[in-house]
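Subject: Structure handover and notes

Hello,

Here is the structure I said I would pass on. Please open it alongside this message; my notes come after it.

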Amino acid sequence: MITDDMVQTYRADGFVVVPDVLDAPTLAEMRGVIAEIVAGAADVDAHNEVYDLEPGHTRAEPKVRRIKTPHKVHKLFDQLVRLPQVVSILQALIGPDVRLYGSKLNMKSARYGSPVEWHQDWAFYPHTNDDILAIGVMLDDTTVENGPLLCVPGTHKGPVWSHHGSDGRFCGAIAPAEIEAEIARAVPIVGRAGSMSFHHVRTLHGSAQNVSDRPRNLLLYEVAAKDAWPLKGVSDLAEFDSRLITGSGPTIEPRLAPVPARMPLPPPSREGSIYETQLGAIENSYFRKKTAA
Ligand SMILES: O=C(O)CCC(=O)C(=O)O
């Protein structure tokens, strides 16, 4: 499904959209499963292993911001990243042998869906090489109105910006003053439901609050070349190997590439999800201030 031109775009810009990867019945099945999972949030009061909740969530009026690690919550999400059409795109972009790093489903509900401040995924999980990307599965038609991902072309070949707050701790967000020129060049990642975006792990990106009357659900998978090892280490080798999607079996030989890195340490004062982590940068937020203005 991916053309040579699309591969060249990914290499040059650090992101690309492949239209219509999923068909209508698959989308309908996923929406049904998501509705069931979201309904379960009526039984919880606080963030847990499955749900990250929007401010203002109550049992009577559940507001889910993110379903954490959906591939562990329902088998459909584990199967989706292994579909042949998805695997062949991953192989064209990061090589024949790939491993799932993680997954998340960002539910940007109509009118209040939370923003995500400017960051590079690489700042959260530096590896021994950067043949790593995030797939963004568009579960809704995504337009400039409903809070699309915003990516800055070419930044995957540039610096790793500081994602540390004034307290010296990792906060998962870049101070907007450091990246004014880049923000001005950001491109909205839009497409029909069923399309998928692929952004490089070092690409600078963010996304605004959804102030439209349409939801914008984005299912994200982080996928790494098999020989990219996390610099934070591997504590459970069997679990690490179980996430291989393709390839000739496990390896204990990481490939070392000359890539810049900063460790996400000391750890953030609030962990659990990017939304919580970025509260460490709240006084320096770009999108919250913009929404309030
Ligand atoms: O949901 C979005 O648009 C942004 C997601 C993102 O960048 C992240 O969760 O790391």
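This is a predicted model: local features need pLDDT of at least 70, side-chain atom pairs count only at pLDDT 80 or more; totals for chains, interfaces and linings use all residues.

The seven-strand sheet

An open sheet is built from 7 strands in the order β1-β9-β6-β11-β4-β3-β2, with antiparallel pairing. Its edge strands are β1 and β2 (51–53), each of which pairs on one side only. From one strand to the next, the twist averages 20°. Helix α1 (residues 4–13) packs on this sheet, where it touches β1 and β9. The direction of α1 makes about 150° with that of β1.

Strand β9 pairs with β1 (residues 15–18) through 4 bridges, in the antiparallel sense. One of the pairs to look at is Val 16, whose bridge partner in β9 is Phe 198. Strand β6 (residues 132–138) also runs antiparallel to β9, joined to it by 5 bridges. There, Gly 136 has Ser 197 of β9 as its bridge partner. Further along the sheet, 3 bridges join β3 (residues 64–68) to β4, again antiparallel, and Ile 67 stands opposite Leu 105 in β4.

Is strand β9 enclosed or open to the outside? Of the 5 residues in β9 (residues 196–200), 5 are buried, so the strand is largely enclosed by the rest of the structure. Met 196, Phe 198 and His 200 point one way from β9, while Ser 197 and His 199 point the other way; all are buried. Both histidines of this strand are therefore in buried positions, as a residue counts as buried when 20 or more other C-beta atoms lie within 10 Å of its own.

The core

The largest nonpolar core has 65 residues. Those with the most contacts inside the core are Ile 94, Ile 132, Leu 133, Ile 135, Phe 198 and Val 223. Ile 135 touches Met 196, Phe 198, Leu 220, Tyr 221 and Val 223, leaving out residues up to four places away in sequence.

The four-strand sheet

A second open sheet has 4 strands in the order β5-β10-β7-β8, with antiparallel pairing. At its edges are β5 (116–119) and β8 (187–189), each pairing on one side only. Neighbouring strands of this sheet are turned by 25° against each other on average, direction ignored. Between β7 (residues 149–151) and β10 (residues 205–207) there are 3 bridges, and the two strands run antiparallel. Leu 149 stands opposite Ser 207 in β10.

The ligand

Which residues surround the ligand? They are Lys 104, Asn 106, Val 116, Asp 121, Leu 149, His 205, Ser 207, Leu 218, Leu 220 and Ile 274. Two or more residues of this shell come from each of β4 (98–108), β10 and β11 (216–225). By type, the shell divides into 5 nonpolar, 3 polar and 2 charged residues.

The start of the chain

Met 1 lies in the segment before α1. Because Met 1 has 14 C-beta neighbours inside 10 Å, it counts as partly exposed. Beyond its neighbours within four places in sequence, Met 1 is in contact with Val 18, Val 21, Gln 85 and Ile 89. The C-alpha atoms of Met 1 and Gln 85 are separated by 6.7 Å, although the two residues are 84 residues apart along the chain.

Regards

Methods
Residues are numbered from 1 along each chain as its sequence is written. A nonpolar core is a set of buried Ala, Val, Leu, Ile, Met, Phe, Trp, Tyr and Cys residues joined through C-beta atoms within 7 Å. A residue is buried if 20 or more other C-beta atoms lie within 10 Å of its own, exposed if 12 or fewer, and partly exposed in between; C-beta atoms are placed from the backbone. Two residues are in contact if their C-beta atoms, placed from the backbone, lie within 7 Å. Two strands pair if DSSP finds at least two bridges between them. Axes are lines fitted to C-alpha atoms, for helices over the stretch in contact, and angles run from 0 to 180 degrees between N-to-C directions. A residue is near a molecule or strand if its C-beta atom, placed from the backbone, lies within 6 Å of it. Ala, Val, Leu, Ile, Met, Phe, Trp, Tyr, Cys and Pro count as nonpolar, Asp, Glu, Lys and Arg as charged, and the others, Gly among them, as polar.
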